Amino acid sequence: MASVAIERLGKRFGATTVLEGVDLAIPDGAFAVFVGPSGCGKSTLLRLIAGLERPTEGVIRFGERDVTALEPRERDIAMVFQSYALYPHLTVRENLAFGLKLKKLPPREIDARVAEGSRMLGLDALLERMPKQLSGGQRQRVAMGRAIVRRPGLFLFDEPLSNLDAALRGQVRVEIRKLHESLGTTSIYVTHDQVEAMTLADVMFVLNRGRVEQFGAPLDVYARPKTRFVAGFLGSPSMNFLDGTLAFEEGAWSVEVAGQRILLGEKSFGGLVRGRAVTVGVRPHDLTVERVPFGGLALTLTFVEELGGESYAYAFVDGSPFVVRLEERVSVKAGDTLHVAVAADRVHLFDRETGLSLRC
Amino acid sequence: MLAARLLAFGVATFALLVSTLAGASPVRLWHAYRGEEQRALEALVASGAAGEVELLAVPSDAFAAKLGAAIPLGEGPDLFIDAHERLGDYVRQGLVAELPFDPAAFAPSAVRGVTLAGRTYGIPLSRKCVALYVNRDLVLSHPEWLEDLASSVRSPLASGYVLLAYENRSAYYHAPWLTAFGGELLAEGDRFGFVGERAERSLELAKNWLDRGWVPSNADGALVAQLFRSGRAAFAISGPWLAGDLHSESLRYDVVPLPKVRVTGLVMRPMLTIEAVMASPRGARRPEALKLATWLASREAAGERMRRAHVVSARTDVELPADPVLRGFSAAADSAVPMPTSTAMRAVWEPSEKAIRKVLNGTLDPRSALREAQRRFDDVRRPPPPPASRTPLVIAIGAALIAAALALVRRARDPVFRAEVRASVPAYRYVIHAALVLVLLVFGPLCAGAAISLTAGRPGDSVYVGLANFWAILSARGGPLFASGSFYCVLAVTVAWTLLNVACHLALGLTLGVLLSRPVLRMKAVYRVLLILPWAVPSYVTALAWKGMFHRQFGAVTALLLRARAFGVDVEPIDWFARFSTAFAANVATNVWLGFPFMMVVTMAAMTSLPREVLEAAEVDGATRWQRFTKIVVPLVRPSMIPAVALGAVWTFNMFNVVFLVSGGEPDGQTDILVSEAYRWAFTRQAQYGYAAAYSVLIFGLLFGATRLSDWFRRKAPL
Ligand SMILES: Nc1ncnc2c1ncn2[C@@H]1O[C@H](COP(=O)(O)OP(=O)(O)OP(=O)(O)O)[C@@H](O)[C@H]1O
Ligand SMILES: [Mg+2]
């Protein structure tokens, strides 16, 4: 078991800088998730931690140990690859035992560990099969089993669920979390799927363009995004953004957007300056429909999507797309005008230039 | 009976008709000339004195084969120009007709050359033999005696220089040494002549010259030419072809007849080749053809040829031009002995040269070596096995056909099989032409080869002998089973050769392929091209280059070894082809050089299909670089390597080029593999095509069996 600490980590491939000044700390036994859009450098960061790539600069520590210059096999880690990377010429049993044999464990110990691992993952019936005789889900389990039987100090997962169908993905996700709870091994999990990130993480790291944008407990990050990028990346459908200017009238702050007004209440906080150009962010879930137009936005709907339990109404405000989640079946249709309001504490404000939140 | 007579009459009339028709056509003349000689002939023919002539230049390698194929069909030439030593063969095959002429104006040796059993077959045109080249910059006077060569050079020769460059391991070049002791290669009555005291003394002399360092060891034609051309040989024994090489050089040299040997007082008499115009049986019946032949051999034509092509005429009444080289060769030809025309001569070369080599290498004393050569000659000249009854063959073929027919009938009764056949008829339509081509180009020749293996004797008069050839091969011709040159001994060498080569190919190819597949490697493309290069060069070029490198005195390998002396390592130049181990090693080195790129390319192709993440998984799982190679890479590329290895094994098993060109079977045929041995039976030992074909059938059987066996193993243990 080990904590992971990374300092000023940078990675360049020739002229392209993939990671720059990454600092992060993962406590011992935590389940950390790296999330971010495609190409942001998540896999690269994970591979640096695994030792499959060498950093251009910076330090990686496992506990007190500086592992920056160590080979992967010296780092006491196990990794589950996106393609599972099973050894195609070995049976499931041999796949599981491969790392153990290399460690020269006694055969009895190997058998015991393989039996235990295959029981945990329900692989007992598959042990004598070759990888090509397995389904995608079964291969994924074997890949996990191969990692588990090694009993490493650190688990690394690189999008292990992305090749599974939606139902299976949900199921395995829960299993991974359970496994983590029973094993208690520090784990790092890379995904671009925010649902996975939100549900699995003890601590979540949102990456963007080779940098950590924000980290923390998933709900904290979701509720208090520090940047416009994080706000937009988390949540589905994603947050609505509108450009506006701050105003203070009749003792209350508000944002003027295309001639309409979103109220922010009387309470003042840092960064509220009259006339400041800001971007307002409102999650579709935080909007309520008003029967009477008061202090909200009037929307002309362009399209309504009904999903059964809920529906989404689409509109344009000042040329930007705008989505509203409608709780029960409000009977609206394209062309209708809808008045929506938002609680003042659910309005996110970002500096239009820097994208930083005004609330912190 | 009547029908047969009518048929015979019909055939005769037809033949007559054909011959009269042929009479209307121009005279057809085949030759193998190139360059100056070809131009001279064309000029002579064009001069009009000969009427209408159709000239055809045929490559000299294919000359005899083409004549043998065309003349019996009536398609061949009326006249052809060829060397007299082939007359024995031509007469036996009926390819050449008697051609009487007035011998008065011709050199007696030339007339003797074209005379067989008292009849002349062809009119001599020119004479070719070797003579002594003298480098005037190094030599003061033309010595009359061989023994004076050393004392006639201006100053002691520096290292890197030789006194006399000649191909001392060739029987053709040894012949003058032999004649100087009164010996001959082929004796009266087609007996082996290269035995006895005279032969022994000639070998002792040649060995003595070699031991004194006066003669380069292992010299071939190219080396002799190079040494003399670069002025590093005081003397050389060579033919007119060397003079052709020297045209552009500023070298000052003379050509004189070979000297005398003082111990016997006899002249070294080289072998004489007489080029003669010969007539096919059809040509001999055509007066205009005879007229052309007479004209080509006339005094006027001879003079013309001498002026244009600088060849020594076979006539004695032609005025010699002032050209000193031509005069030298003319004088040399006067003392030369015509090469025997007997077909037995073909069986002389190989045993003689093996004996010469053994003596020069010091592995055997002259007497034993020559005795062994005689035994070899007698073995090759052994009368063919008696004709066998064809009945067993007919019965066997009949039985096989009946069995096949029965099997077919039984299958045809099966309704499932019939339905399947009917369903696949359209598919057969698509493959039928490919199948036909296969039958024509693969199975046809295969069956023809197999059929030849059941016969013995030379082409033209071969007889069916059943399995006698196979029996002779498998019983090691009655000698000890593992004697040098026996089938089993050669097979053992071939198997060792194949295993060693394939192992080296695989080890080297796999290593380099894996190294070149590393993603971090820089300049990969450059290495790749460099390493594939040995494969891209034609194998015979490579083989010859390597042979040159292994030359004892002048090779690159020797130079490297000598360089090592500078570091205090005491090494002697190695005579690579004098011992089995080194000759075999030289062959293997050459073939490994030729063969590893193939394995490398296959490995690289297999590596690209290797998933990178699997290797990384192994790395994370704790595998070292070597463990990743043995436990992941090797098992994963194995399926793609197995066919490549099988293919490589078959190629190596039959790698004729390298064995033939690099070691040439030396020493004493010990490094020969089965194919090169088969080649020798076909082409250097009395054209025993049946015997050689039996060898080939055995090779085919061995390879076929081996592939079936490996298939079976693979099916038993998949992946
Ligand atoms: N070997 C390499 N050479 C050059 N550029 C690379 C290399 N590996 C990755 N990159 C670049 O680094 C960036 C980050 O790659 P990375 O694989 O870490 O992305 P990711 O966040 O895992 O994306 P995804 O979610 O699509 O897997 C990409 O722009 C990619 O093009
Ligand atoms: Mg990735």
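This is a predicted model: local features need pLDDT of at least 70, side-chain atom pairs count only at pLDDT 80 or more; totals for chains, interfaces and linings use all residues.
A polar contact here is a pair of N or O atoms within 3.5 Å; within protein, one must be able to donate a hydrogen and the other to accept it, and residues adjacent in sequence count only if both atoms are side-chain atoms.

**Around ligand 1**
- The residues surrounding ligand 1 (a heavy atom within 4 Å) include A:Phe13, A:Val18, A:Ser38, A:Gly41 and A:Glu159.
- A:Thr44 has a side-chain N or O atom 2.5 Å from an oxygen atom of ligand 1, and for A:Cys40 a backbone N or O atom sits 3.3 Å from a ligand oxygen.
- On its own, ligand 1 has 630 Å² of accessible area (Shrake-Rupley, 1.4 Å probe), and the protein covers 57% of that.
- Helix α1 (residues 42–50) of chain A gives the largest share of the shell, 3 residues; helices are DSSP runs of H or I with at least four residues, and strands are E runs of at least two.

**The sheet**
- Four strands of chain A form an open sheet, ordered β2-β1-β4-β5 with antiparallel pairing; pairing takes at least two DSSP bridges.
- Its edge strands are β2 (16–26) and β5 (65–66) of chain A.
- Strand β4 (residues 57–62) of chain A is joined to β5(A) by 2 bridges, and A:Phe62 stands opposite A:Arg65.

Note on methods
Residues are numbered from 1 along each chain as its sequence is written. Chains are lettered from A and ligands numbered from 1 in the order in which they are written. Side-chain values use heavy atoms; hydrogens and water are left out.
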